[in-house]
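Me: Hi! Could you walk me through how the helices pack in this one, and then the aromatic rings?

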Amino acid sequence: GLMRVSYVLGIIGPSLVAEFAWSKYQMALVGTLSIGAIFVLPVVGRLTDVTGVRKMASIGVIAAPLLFAALTRVKTIEGYGALYFLIAAILVTTTPAVYCRTVVQYFVRARGLALGIAMAGPSLAVALGGPLVNNFLADHGWRAGCLLTAAIAAIGGLAALFLLPPERRGAV
């Protein structure tokens, strides 16, 4: 989800600044582009209601590895900004805003607990996997770190899609 994206973009940021001599101000300015997700989230939420979790999540599952791989080709702050914006806008389809609809459909009595566990998942993934990605990036460079993230996103996304139960008709 976006937390994973923010973490990865945060750990490659210093490498980009060092390699391309971008200023910290430029990087901070690019970071403000993620505010676009505020406007995209309600649209994605509604489209999830209309088309279903699997279709909306598939957008992010397909886009995430491609966008992370595309980061390895960045050379200008404008190119990075454009990719950053696309990542922030498109990968909202990999957030709890989409996946938690399934939780709401299948849990009634323990819905709060189920939602809490589902919402904790991305944070747990970053807490456990973040240091591994960070160490890999330190050892192999930011481009290799982006490719590792692309692979993790592809494998994790496909697993999530595979594990999704069928949509419940007439649910919420």
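This is a predicted model: local features need pLDDT of at least 70, side-chain atom pairs count only at pLDDT 80 or more; totals for chains, interfaces and linings use all residues.

Me: Great. At what angle do α4 and α8 pack, and how far apart are their axes?
Reply: The angle is about 165 degrees, and the axes are 7 Å apart. That makes α4 roughly antiparallel to α8, as the angle is over 145 degrees.

Me: Left-handed or right-handed crossing?
Reply: α4 and α8 cross in a left-handed way.

Me: Which residues make that contact?
Reply: From α4, they include Arg54, Ala57, Ser58, Val61 and Phe68. On the α8 side, Trp142, Cys146, Leu147, Ala150 and Leu161 are among them.

Me: And how do those residues divide by class?
Reply: The contact of α4 with α8 has 15 nonpolar residues, three polar ones and one charged.

Me: OK, what about α4 and α6: what angle and what distance between axes?
Reply: Helix α4 (residues 53-71) packs against α6 at about 150 degrees, and the axes are 9 Å apart. These two are therefore roughly antiparallel as well. The crossing of α4 with α6 is left-handed.

Me: Who is touching whom there?
Reply: α4 brings Val53, Met56, Ala57 and Val61, while α6 brings Val98, Tyr99, Arg101 and Thr102. Six of these residues are nonpolar, one is polar and one is charged. Ala57 and Val61 of α4 are also part of the contact with α8.

Me: Next, α6 and α7. How do their axes cross?
Reply: Helix α6 (residues 96-106) and helix α7 (residues 111-140) have axes that come within 10 Å and cross at roughly 150 degrees. So α6 and α7 are roughly antiparallel, and their crossing is right-handed.

Me: Switching to rings. How many aromatic pairs does the structure hold?
Reply: There are four aromatic pairs. One of them is Phe20 with Trp22, a stacked pair with 5.0 Å from centre to centre and 25 degrees between the planes.

Me: Is Trp22 buried or exposed?
Reply: Trp22 has a relative accessible area of 8%, so it counts as buried, the cut-off being under 20%.

Me: What else does Phe20 pair with?
Reply: Phe20 also pairs with Trp142. The ring centres are 6.3 Å apart and the planes are at 70 degrees, so this pair is edge-to-face. Phe20 sits in helix α1 (residues 2-20) and Trp142 in helix α8 (residues 142-163), so the pair ties together parts that are 122 residues apart in sequence.

Me: How accessible is Trp142?
Reply: Its relative accessibility is 5%, so Trp142 counts as buried. Trp142 is also one of the α8 residues in the contact with α4.

Me: Which residues do the ring pairs link into a cluster?
Reply: The cluster consists of Phe20, Trp22, Tyr80, Tyr84 and Trp142.

Me: Last one: where is Phe85, and how accessible is it?
Reply: Phe85 is in helix α5 (residues 77-90). With a relative accessible area of 41%, Phe85 is partly exposed.

Note on methods: Residues are numbered from 1 along each chain as its sequence is written. Side-chain values use heavy atoms; hydrogens and water are left out. Axes are lines fitted to C-alpha atoms, for helices over the stretch in contact, and angles run from 0 to 180 degrees between N-to-C directions. Helices (H or I, at least four residues) and strands (E, at least two) are DSSP runs, numbered from the N terminus. Angles under 35 degrees count as roughly parallel, over 145 as roughly antiparallel, 65 to 115 as roughly perpendicular and the rest as oblique. A crossing is left-handed if the near helix is turned anticlockwise from the far one by less than a right angle, and right-handed if clockwise. Rings of Phe, Tyr and Trp (its six-membered ring) pair if their centres lie within 6.5 Å; planes under 30 degrees apart count as stacked, over 60 as edge-to-face and the rest as tilted. Buried means under 20% relative accessible area, exposed over 50%, partly exposed in between (1.4 Å probe, protein chains only). Contact means heavy atoms within 4.5 Å. Ala, Val, Leu, Ile, Met, Phe, Trp, Tyr, Cys and Pro count as nonpolar, Asp, Glu, Lys and Arg as charged, and the others, Gly among them, as polar.
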